[in-house]
Amino acid sequence: MDKKVHELLNQQINKELYSAYLYLDISNYFEDAGLDGFANWYMIQAQEERDHAMLFYKYLQNESMKVTLEAIDKPDKVITCHMDALKAGLEHEKYVTSLINDIYGAAYDVRDFRTMQFLDWFVKEQGEEETNANDMITKMELFGSDPKSLYMLNQELAARVYSAPSLVL
Ligand code: FEO
């Protein structure tokens, strides 16, 4: 495997684990705010990010490439209100999309078609994650200022259940 592609794939393990950490922080914010449905939604989001990290980890191992684990940064977003939390999620997903695109670009440059095929799932997944993050913001804009509506939105988010990623390595 190309050195740069290897480095970026290895780094992505850390970025996905940081994503899990960020979503745990957001889940914790909502738990403190008494919105257990939102807390549930972000807890499941954190689980999905751990799954993403493991997919990169497993892919490198399957390719007989070395995995090097680095320190995970502290969640650094300042969250002072519900909307801050949702916007931090969207901003972060856009950043992750840019990282996936960077790895894809590096793989494309060296005709690493296997890595490109592996990343195809993440390209689609990032589209879904950005849509979900945008939807959360729209719903909060529409219903967040009315306590009764916020309660119902919280109930809706409480119903989210975890499902394992469709990509299996
Ligand atoms: Fe692993 Fe939310 O992207």
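**Close-up views of a predicted model**

View 1. Ser64 sits in the loop that links α2 and α3; helices here are DSSP runs of H or I with at least four residues, strands are E runs of at least two, and both are numbered from the N terminus. This is a predicted model, in which local features need pLDDT of at least 70 and side-chain atom pairs count only at pLDDT 80 or more, while totals for chains, interfaces and linings use all residues. Residues are numbered from 1 along each chain as its sequence is written, and side-chain values use heavy atoms, with hydrogens and water left out. Although Ser64 is not a glycine, its phi is positive, near 60 degrees. Ser64 counts as exposed because its relative accessibility is 66% (buried is under 20% relative accessible area, exposed over 50%, partly exposed in between, with a 1.4 Å probe and protein chains only). Arg111, in the loop between α3 and α4, is another non-glycine residue with positive phi, about 55 degrees. Arg111 has 62% relative accessibility, so it counts as exposed.

**View 2. The largest nonpolar core.** A nonpolar core is a set of buried Ala, Val, Leu, Ile, Met, Phe, Trp, Tyr and Cys residues joined through side-chain atoms within 4.5 Å. The largest one has 25 residues, and Ile26, Phe30, Phe38, Tyr42, Leu86 and Met136 have the most contacts inside it. At least two residues of this core come from each of α1 (3-32), α2, α3 (82-109), α4 and α5 (147-158). Helix α1 gives the largest share, six residues. Zoom in on Leu86 and you will find it touching Phe30, Tyr42, Met136, Ile137 and Met140, once residues up to four places away in sequence are set aside (contact means heavy atoms within 4.5 Å).

**View 3. Leu119 and a separate core.** Another core, of 21 residues, lies apart from the largest one and includes Val67, Phe118, Leu119 and Trp121. Leu119 belongs to helix α4 and counts as buried because its relative accessibility is 0%. Beyond its neighbours within four places in sequence, Leu119 contacts Leu9, Phe56, Ile100, Ile103 and Tyr104.

**View 4. The largest pocket.** On a 1 Å grid over the protein atoms alone, a pocket is an open set of points with protein on both sides within 12 Å along at least five of seven lines, whereas a cavity is a set where a 1.4 Å probe fits but cannot get out; lining residues have an atom within 4 Å of a point. The largest pocket has a volume of about 280 Å³, volume being the space filled by probe spheres set on points joined across faces, edges and corners. Of its 16 lining residues, Glu48, Trp121, Glu125, Glu128 and Glu129 lie nearest the centre. Helices α2 (36-62) and α4 (113-143) are the elements that give two or more residues to this lining, and α4 supplies the largest share, six residues.

**View 5. The largest cavity.** The structure holds one cavity of 30 Å³ or more, and the largest cavity has a volume of about 60 Å³. Its lining includes Tyr23, Trp41, Tyr42, Leu86, Glu129 and Met136. The elements giving two or more residues to this lining are α2, α3 and α4.
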